[in-house]
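Hi there,

Here is the structure I promised to pass along. Have a look at it first, and then read on for my notes.

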Amino acid sequence: MYKFKYIIFLLTFGCDQSDDDSALLKGPWEEHGLSSIELFVRPEGFSNKKSPSMDHIDLILKNQNNFIQTISQKFKVKSNASFKIFLFNQDEASQKIGIKNGGGANLNRGEIYFSYNQEPQFNNNIGIYTFLGLHELTHLILFEVFQCSTTRLMTEGYATSADNAYGAYYNNDGLLVKKSNREWMIEHFESQALLSPSELIIREDLPENIFYPQAATFVDWMLDTYGVDVMNNAYCLNGETLQNYFETALKMPFEVLENEYLDYCEQEFNLDL
């Protein structure tokens, strides 16, 4: 188990999906592009906090384009869209997007609004440093493909599955690292905060650090156990409709599916076994 100084939660904010973001996106901006990504950053000297350097800009553009392929391959979807990313300097982010570290996505506009943190995070799962990760980009791609954003289980489960992490912390070597879903799940199992699939479907009120990694773990287990087609066909469903779909598609009572998943969690995340 890692010991760490503190955790930085990278929360997503509730985007209002408005087409009028003129105040939010008021310039000046510098525009940079590569393939499917347009990146907008503040010019140097815009505020007291630093704007992204060209090295960071190039890394963000490269990573985000690569992540489009990663997301498309993992979930067997195809995206033909281009996406815009607006990086706010850290000292303006709280006022502009409501959070100092992190951001969110406007699904209707295909845009990500994110805080620029000068220190990238190391993602052990993919072995690289990132500034944004895959989470918000997953939201945009899947909304483009499925044209829906229905349950928190599916939308946040898929997005957190793509990143295979939520939040970040400084490890004993002083390195800012992403906290893996597995680390979260071990903690939740030890604290008896494990959620059943039924709870994941209906609980929209739980804190992100409790809900997101567990939703992602269920999504990953379903993908590995029953395949991507079963899950993709369920993406736009919710509530009782979602449970009924699983019973029909898998030809089993939902309670059986639920017990299979909970048994998996017991074997995978109970370190006392």
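What percentage of the 273 residues in the protein chain is buried? The answer is 53%. Please keep in mind that this is a predicted model.

Let me begin with the chain as a whole. It has 10 helices and 11 strands. Its radius of gyration is 19 Å, close to the 19 Å that the globule rule gives for 273 residues, so the chain is as compact as a globular protein of that length. Along the principal axes, the C-alpha atoms fill a box of roughly 60 × 40 × 30 Å. If we take the contacts with a separation of 6 or more, 70% of them are between residues 24 or more positions apart. The accessible surface of the protein chain is about 12600 Å², and carbon and sulfur atoms account for 46% of that.

On the α9 side you will find Gln 243, Phe 246, Glu 247 and Leu 250, which meet Phe 254, Glu 255 and Leu 257 of α10. By class, the residues of this contact are 4 nonpolar, 1 polar and 2 charged.

From α7, the contact uses Gln 214, Thr 217, Phe 218, Trp 221, Met 222 and Tyr 226, while α10 brings Leu 257, Glu 260, Tyr 261, Tyr 264 and Phe 269. This contact of α7 with α10 has 8 nonpolar, 2 polar and 1 charged residues. Leu 257 is listed in the α9 contact and also in the α7 contact.

Asn 181 is in helix α5 (residues 181–190). With a relative accessible area of 3%, Asn 181 is buried. Setting aside neighbours within four places in sequence, Asn 181 is in contact with Thr 160, Ser 161, Asn 164, Ala 165, Tyr 166, Pro 213, Ala 216 and Thr 217. Thr 217 is also one of the α7 residues in the contact with α10.

Lys 100 sits in the loop between α2 (90–97) and β6 (102–106). Its relative accessible area is 46%, which makes Lys 100 partly exposed. Not counting residues up to four places away in sequence, Lys 100 touches Gln 90, Ala 93, Ser 94 and Ser 115. Its C-alpha atom is 9.1 Å from that of Asn 89, which is 11 residues away along the chain.

Finally, some backbone details to check on screen. Most residues other than glycine have a negative phi, and most peptide bonds are trans. Ser 35, in the loop between β3 and β4 (37–41), has a positive phi of about 55°. At 67% relative accessibility, Ser 35 is exposed. Lys 76, in the loop between α1 (54–75) and β5 (83–89), also has a positive phi, near 55°. Lys 76 is exposed, at 59% relative accessible area. The peptide bond from Gly 27 to Pro 28 is cis, with omega near 10°, and Pro 28 lies in the loop between β2 (11–12) and β3 (30–34).

Best wishes

Notes. Residues numbered from 1 in each chain as written. Predicted model: local features only at pLDDT ≥ 70, side-chain atom pairs only at ≥ 80, totals over all residues. Heavy atoms only, no water. Contact = heavy atoms within 4.5 Å. Helix = DSSP H or I, 4+ residues; strand = E, 2+ residues; numbered from the N terminus. Nonpolar A, V, L, I, M, F, W, Y, C, P; charged D, E, K, R; others polar. Rg over C-alpha atoms; globule rule 2.2 N^0.38 Å. Buried < 20%, exposed > 50% of the residue type's maximum accessible area, 1.4 Å probe, protein only. Areas by Shrake-Rupley, 256 points an atom, 1.4 Å probe, with all protein chains shown as cover.
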